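Subject: Model for your files, with notes

Hello,

Here is the structure for you to take over. My notes on it follow below.

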Amino acid sequence: MRTLYILSHDLRLEDNKILQDANKKDDIIFPIFLKDSKLEKLSGASLWWVKSSLTNLANKIGIERIPIVESSGSYIPVLKEIINVNKIERIVSQKIPFPRVKYAFNEINDYFLSRGIENKMYEPNNLLSDEMISTIKINFGNFGQFFKTTNEMRFDYGEEDSTDLPEFHETEGTNGKIEFSSWERNLAKYWDTSESAANLTLKNWLEGNREKKNTELSPYIRHGQINVKRLWKKLSGKESEGVDKIRRNLLWREFFYCSYARRQYSNILSINEKMENFPWSGHWDRLINWKEGKTGFPIIDGSMRKLWETGWIDNRKRLLVSDFLTKLYLIKWTYGAEWFMDTLVDADEANNYSSWQWVSGCSDFSWPFFRIFNPLKNSIEIDPNGEFIKKWVKELDACPVEFIHDPENSDEKQCKKYRRSEIKYREMRKESLSIYREFKRTEKLQVDKN
């Protein structure tokens, strides 16, 4: 049977249920990647990862290219043309548990079923099923409860994938060759986006060897090069700090998916509706300085410069720079979230927007706004010897370690090349808390009047 395979969060051959199903039916598969801006946000570094992974995947299955088919809400006419040209008899794809994506694929399903084209969808690359993500009972204010419940669950791992592959053909009637910008090509210095690199990275994690080039799992999980349920199974019975970290991060991922699947507009509106009235700052020069790593706080600047250069920073640095932008610069979380969506190789809607709401105090499961990270204290904890700062903030590479976290207090000429912050941390913190207290007082007055 001639099958159109719509790739999404499943850029792998191993443990891929769609291909396993296709192989049983002796299919000829025509793979495409559907990029629709109205379905799912995909741009910048994350899009580069997809393009690079598709190139690797095409080489692995023996075809010249897997095309990216772009549309902006008009996906049915685009697919109709591909189906007619390639004489497609069946469509298979993967579920993505976001409301607008579900609606779109239901529309695709209804349209093509009415014309005799079978359309089959498989579960998303999550621990929980698509239905469970939308219906499982959750107290969103209590992640501990969610962690305990899901950590004790037994998941259906399915059968092991067959080693035989179906026959792949290049899809006709699609866009041309995938092109890369200079910024995207630079990301290739830091990442191997292949499925074999994903497996090697996972192996290194499980063996505790994480000193090599690709040491992070998150991009491979985001783009489906690692099967999440298989990963969970491999972690079963293993005890180590690294394993515990992966398990906890996977459950946070499920938690955020459950939240995002039920809040259709939580990419643009605060879940805590009251925070939509918060008097966020209009100092856009601060936002630019934050993006460019020119805030005058070395750990913030180093983190943001590394993000731009490599497309990735670890979770603690993500929390620190997010907290800094929203609570000290008082820039609304949506602006930082969009920057992360463009610059992270593992940018994932559910995790990204939910994380930003959580950090900024704008969701129903976040820590309070008045809990503000001290960037200087955190800098010393994160980078006690100043190695990270020296690497990513070149102006400070000769600054003595005792001054590198707070060069403003140094008269050393090696530290003076660095642009210092015009406003000190304590002043910004005092201003933020004052604005927040006044906001809460005004809010209370309005409630009392009603």
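The axes are lines fitted to C-alpha atoms, for helices over the stretch in contact, and the angles run from 0 to 180 degrees between N-to-C directions. Helices (H or I, at least four residues) and strands (E, at least two) are DSSP runs, numbered from the N terminus.

The model is predicted, so local features need pLDDT of at least 70 and side-chain atom pairs count only at pLDDT 80 or more, while totals for chains, interfaces and linings use all residues. Residues are numbered from 1 along each chain as its sequence is written, and side-chain values use heavy atoms, with hydrogens and water left out.

Helix packing

Helix α15 (residues 333–343) packs against α12 at an angle of about 30°, and their axes are 12 Å apart. The two are therefore roughly parallel to each other. The crossing of α12 past α15 is right-handed; a crossing is called right-handed if the near helix is turned clockwise from the far one by less than a right angle, and left-handed if anticlockwise.

Helix α3 (residues 75–86) and helix α4 (residues 99–113) cross at roughly 45°, their axes coming within 11 Å. That makes α3 and α4 oblique to each other. Here too the handedness was assigned: α3 passes α4 in a right-handed crossing.

Salt bridges

A salt bridge is taken as a side-chain nitrogen of Lys or Arg within 4 Å of a carboxyl oxygen of Asp or Glu. By this rule the count comes to 25. For exposure, buried means under 20% relative accessible area, exposed over 50%, and partly exposed in between (1.4 Å probe, protein chains only).

Asp21 and Arg90 form a salt bridge through their side chains, at 3.1 Å from N to O. This pair links distant parts of the chain, with Asp21 in helix α1 (residues 17–24) and Arg90 in strand β4 (residues 90–94), 69 residues apart. Both Asp21 and Arg90 are buried. They also belong to a network of salt bridges that links Asp21, Asp27, Arg90 and Lys120.

Arg316 and Glu381 are joined by a salt bridge of 2.6 Å, N to O. This pair, too, links distant parts of the chain: Arg316 is in helix α14 (residues 315–328) and Glu381 in helix α17 (residues 375–382), 65 residues apart. Arg316 counts as partly exposed because its relative accessibility is 36%, and Glu381 counts as partly exposed at 45%.

Glu292 forms a salt bridge with Lys294, and their closest N and O atoms are 3.3 Å apart. Glu292 has 42% relative accessibility and so counts as partly exposed. Lys294 is partly exposed as well, with a relative accessible area of 37%.

Positive phi

Most residues other than glycine have a negative phi. Which values does one find at Asp15 and Lys87? Phi of Asp15 is near 55°, a positive value in a residue other than glycine. Asp15 lies in the loop between β1 (2–7) and α1, and its relative accessibility of 13% makes it count as buried. Phi of Lys87 is also positive, near 55°. Lys87 sits in the loop between α3 and β4, and at 58% relative accessibility Lys87 counts as exposed.

Surface patch and buried leucines

Tyr265, Ile268 and Leu269 make a nonpolar surface patch of about 300 Å². Patches are made of residues with over 30% relative accessible area and no salt bridge, where like charges are joined within 9 Å and nonpolar side chains (Val, Leu, Ile, Met, Phe, Trp, Tyr) within 5 Å; the areas come from the Shrake-Rupley method with a 1.4 Å probe, and for residues only the protein chains shown count as cover. Leu269 is in the loop between α11 (241–262) and α12 (284–292) and counts as partly exposed at 40% relative accessibility.

Leu320, in helix α14, is buried with a relative accessible area of 3%. Leu433 lies in helix α20 (residues 425–449) and counts as buried at 13% relative accessibility.

Regards

Definitions and conventions: Angles under 35 degrees count as roughly parallel, over 145 as roughly antiparallel, 65 to 115 as roughly perpendicular and the rest as oblique.
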